[in-house]
Amino acid sequence: MVRFKSRYLLCEVCVPDRSSLQLLEDRTIYNTLRAAVNRAHGDYGSALFNIGVIVKYLNAHTGVVLIRSRKKHYRLIWSALSFITCLENRGQKVQCFLNCLHVGGTIRTCQKFLVKYNRQQLHRMLPDCKTDAEKQEVRRAILSCSLSNVREEEADEDGSDDDGDEET
Amino acid sequence: MTGAKDRMREKKMKNQPRNVIYTSSGRSTGRGQGSQACGWVRGHQPGGHSYSQDLPKYITASSFAKARAAEVNAMLKAVSKPAGSCHIFTALPKHMRRRALSHSTKRLPSRLREGAQRLAERSQRAPEKEKKQEPRSRSRRARRRHGNLLLEFNRRQRKNKWLETHIWHAKRFHMLKTWSYCLPLKPTAKSFRASYRAMNTHALLQDLSYFCCLELQGSEEEMLRALARLTSKQTGPTFAAASCLSGARQGSVHLYKADQFPEGSLGPADFLWRPRVPDASDRQLWIWIHPALKQDVLSELQLVCQCFEAVSVSEESRPALELPAGRKRKRDEADAEQPSKRLLGDGTRPAGAPVRWQSPDTAITISDLTMEIVRYRLIGPLAHVVLTDTLHPASEEPSSRSTDEAGVSVHQQQTDIFQLLRGVCSTAELPAGCVLGLTVDDPRLTLPQKRGKSVPDLQQSAEDSGVRDLTLKGVAAHCSQSALWDASARDRVTHNRLSEQELNRRRTELLVPGSRLSAAPQAAVPLLLVHQGGRVRGEERLHWGSGWDLLLPKGWGMAFWVPLVYRGVRVGGLHMSVKHSQFMGQPHFPHDYPDCPAGQRFQSEQEAELLQKFKRRPPSKRTNYIKHGCLAPFRCPWQQLMEEWEELLNMSAETTGSCRTGPFTVLRSLKALRRLSAWSHPSSRRSSSALTHATAAALQKECRASLVWVRLRLLGKGQPALHAMVCIPTTSDLQLLLKDAHSSGPQEPQHKDHIKRLRQTTTGPEDPARAVRGVYPAPLPSVLPHCSRLTLGWVTQGDFSLAAGCGEALAFISVSGLLHTILQQPQEQRGLVLLRNPSSLQYRFARISIDV
């Protein structure tokens, strides 16, 4: 049985100014990536891009992007990532670069990695906090991650949690 | 189906996190950093996002942390809950999972087995739940239980009335839904010739209960005065004919709208007076009309008798409490409380519709007896033999009905006459229209074991004086009396009918199986036997197609039908009754009544039907009526024909009289018909009024713009079809015939199809009326001179006549055209015309005869 194997590139959008991240959309990323591939690899690259590349997940708050491509050509796409200097959306240019965190064979592995990575980030944030309120927030966030993790592993079907939305 | 696929996909993807972006909806401002769900979509987001919302300038660490935490949670949720699969199979470690687990739960460890079984059940039920909630229909057995079937049949009768013999017919006939009835049309077996043979030599049975009966009650003078406005003496005997008034004969009249003779014709009707009862002064009259006519005639009658106030209304049929004779299985009492009853009578009448009207001035009551009386028609020379075999006069006379000696003797006299019928050789010998009332036993009691064919009894001699009296004088008036005329007697008899179940139970209780059942005293059925004369007009084949009509109270339909069928009669439908009229040479309602409103409605329906059939064929396989020169293959434009003949004759006669542009009529006055009939005969015997121009002109002035019903008989080859053209032969044609008696006739040159050429040249938008290729578009050109021979009229019924042995057609011809033709023809060849089918170019010679 032949199946189409894909590779999922977990990337992070790094911007100097965090506020300009809000304009992120998966269409934006897609178009920028296509332009970059076209510039770097020409017509061949555009054709390959057309086949199997799609932006699967996007989080504008944290800047996490999950791109999917075919296994044969993921290195090509990966190499074009480094050529992206700015994201353009509706006439507003944002200077950024895409940092590839992880390459996985399935979405699930990328998700697992993202969990680990986010936890690490949170832990790293704690000593950098300036005010007390911030520290409390961060602690609360860490706790919510880990406790719900434990909770979920015990219960069978738990539909009670939302997406962790906490209101200010 | 995309619905199911989408739902499966959604089910699998419900745990996956969705794109988290900023959107412009108000919800996000309210909830702060709320994430908007946009779904895992391939490609672009639906709808545009406008960034009108104020984006926060700074993202603090706390918000960043929160965002990260939220993402982590979402990911965890996605990861930990496997997509689509249930927990049963994920509870097993990977090395213990097998493929066969999904369909056989026995391979699971016992702790997981119940869960898996529950899951299997749920998955079985799941696709049903996803479908639309259909009403669960009962099993076939439940649907076919007797009570439920009855309810279903009663429901189906709301729209189209069913005859009592509907189910018997539905199994053997093609049915047709017209005139708010569901009627048998043709047998499913191929039996045209067999039915004709039955009509000719044995007997044919038809169920005519769809004819509507209107009953009038009141004093004789009032009724006659009112009804005289609806008929005219010129068309023949009216309601006041002497033989019919006593009640000894059935008569037939043609009804017109009040005081509008000769225009405003409504249609034919049969009528029957009740014989005079010595003490009562009121008389009863039954008028039998075709259901297509019913509303027109009813409104005219109401107008004429001034009966407008409705006295009684129809009520809902309540199911009577009836204990079934023997119960096969025990049912709880609640079930047997209200068994459903078969709908008898008119089911389409809404409850509350008036059935009886009374007039305060003239004291006449009109009642609507539709479907109250069952009418069977037996056609053929051995019809009386079938009747004498099937019916047995009641052995005991119930004492409640007649108290004095005179009453008993009436029944005895009726029985005697009935016995005398066996001695008659053929039904045609009896005088037409004689009526015999009778009280008979239930014919199911003497049902033969096997079907047979009733043969005439050769023992009884025809020289018996009683038989001779019967054939010469008919039945005396007092013997036509019957209890069928009383509504109360009818209801009582209907109510007292034994059900089939009860009858069968009695049969099982007989000591000697197969012997005759004893008759129940209350179940003597009153009925009326009405003789139908067949062909009464004309000179050939007189009394062909005579028969007997059997009138019964409602509810007894099937009880009489099955015994009649067991005596070897053929059964015919609507098709056969049309053929019967055709072989008799009489017009059949509503096909052959173009001047009546019901006839015109029928013609429009027939036109639509024929056009539909024509359009169904592919255009290259259709007959091109334009090239054949046939202007009206589907509907005959009588009005146009009349007007053109008037114009032609006015121009030739140079009279300054204004031609009547009123609606055309059909000539029915007997005097005029007799004269026309005599003139169109080629015999050279002396007739009372010789044909000259003067007499012809007089006749023409008398009946202007009228059609006459003629019978055409082809001289040689040829089979006339529907709407064939009747044309005038030229002198050269007649000379051709003189030279060679077997010549086939002239031929029409082919016309050119102008319409086709017109359509090819003009490419503008065409109105849909012109779209039918091969048929003349709506405003027809001049009818008369269109073909090489002048048109006289059209054929309404045409076929090869098995009775005559050659092609016969029944047609309507314009009177003026006929007179014009006859005047120009030599004496020996008077009455010869040409006949041409719509799809042929060959003219055939035919001879006219008008039956009077």
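In chain B, 76% of the contacts with a separation of 6 or more are between residues 24 or more positions apart. A contact here means heavy atoms within 4.5 Å. For chain A, 66% of the contacts between residues at least 6 apart join residues at least 24 apart. The model is predicted, so local features need pLDDT of at least 70 and side-chain atom pairs count only at pLDDT 80 or more, while totals for chains, interfaces and linings use all residues. Residues are numbered from 1 along each chain as its sequence is written, chains are lettered from A and ligands numbered from 1 in the order written, and side-chain values use heavy atoms, without hydrogens and water.

Chain B has 28 helices and 23 strands. Chain A has four helices and six strands. These elements are DSSP runs, numbered from the N terminus: helices (H or I) have at least four residues, strands (E) at least two. Along the sequence, chain A reads β-α-β-β-α-β-β-β-α-α.

Of the 852 residues in chain B, 49% are buried. In chain A, 45% of the 168 residues are buried. Buried means under 20% relative accessible area, exposed over 50%, and partly exposed in between, with a 1.4 Å probe and protein chains only. Chain B has an accessible surface of about 43,400 Å², and carbon and sulfur atoms account for 51% of it. Chain A exposes about 9,500 Å², with 49% from carbon and sulfur atoms. Areas come from the Shrake-Rupley method with a 1.4 Å probe; for residues, only the protein chains shown count as cover.

In soluble globular proteins, nonpolar side chains tend to be buried together. A nonpolar core is a set of buried Ala, Val, Leu, Ile, Met, Phe, Trp, Tyr and Cys residues joined through side-chain atoms within 4.5 Å. The largest such core has 62 residues. Leu676(B), Val708(B), Leu712(B) and Val726(B) have the most contacts inside it. Strand E18(B) gives the largest share of this core, six residues. Beyond its neighbours within four places in sequence, Leu676(B) touches several residues, including Leu667(B), Leu699(B), Val708(B) and Ile850(B). Another core, of 44 residues, lies apart from the largest one. Among its members are Tyr210(B), Leu216(B), Leu245(B) and Ile366(B).

Ile366(B) belongs to strand E11 (residues 365-368) of chain B. From this strand, Ile366(B) and Asp368(B) point one way, and Thr365(B) and Ser367(B) the other. All four are buried. E11(B) runs antiparallel to strand E5 (residues 212-219), to which four bridges join it. Two strands pair if DSSP finds at least two bridges between them. Leu214(B) stands opposite Asp368(B). Strand E10 (residues 354-358) is also antiparallel to E11(B), with three bridges. Here Arg356(B) has Ser367(B) as its bridge partner. E10(B) and E11(B) form a hairpin with six residues between them. In the turn, Ala363(B) has a positive phi of about 55°.

Aromatic rings were examined next. Rings of Phe, Tyr and Trp (its six-membered ring) pair if their centres lie within 6.5 Å; planes under 30 degrees apart count as stacked, over 60 as edge-to-face and the rest as tilted. The count is 23 aromatic pairs over all chains. Phe113(A) and Tyr117(A) are stacked, because their ring centres are 6.0 Å apart and their planes are at 15°. Both lie in helix H3 (residues 107-128) of chain A, four residues apart, about one turn of the helix. Trp544(B) and Phe583(B) form an edge-to-face pair, with 5.8 Å between centres and 85° between planes. Trp544(B) lies in the loop between strands E14 and E15 and Phe583(B) in helix H20, so the pair ties together parts that are 39 residues apart in sequence. Both residues are buried.

Trp179(B), Tyr181(B), Tyr210(B) and Phe211(B) form one aromatic cluster. Trp179(B) has a positive phi of about 50°, although it is not a glycine. Trp179(B) is partly exposed, with a relative accessible area of 25%. His723(B) also has a positive phi, about 60°, but is buried at 4%. Most residues other than glycine have a negative phi, and most peptide bonds are trans. A cis peptide bond joins Phe589(B) and Pro590(B), with omega about -5°.
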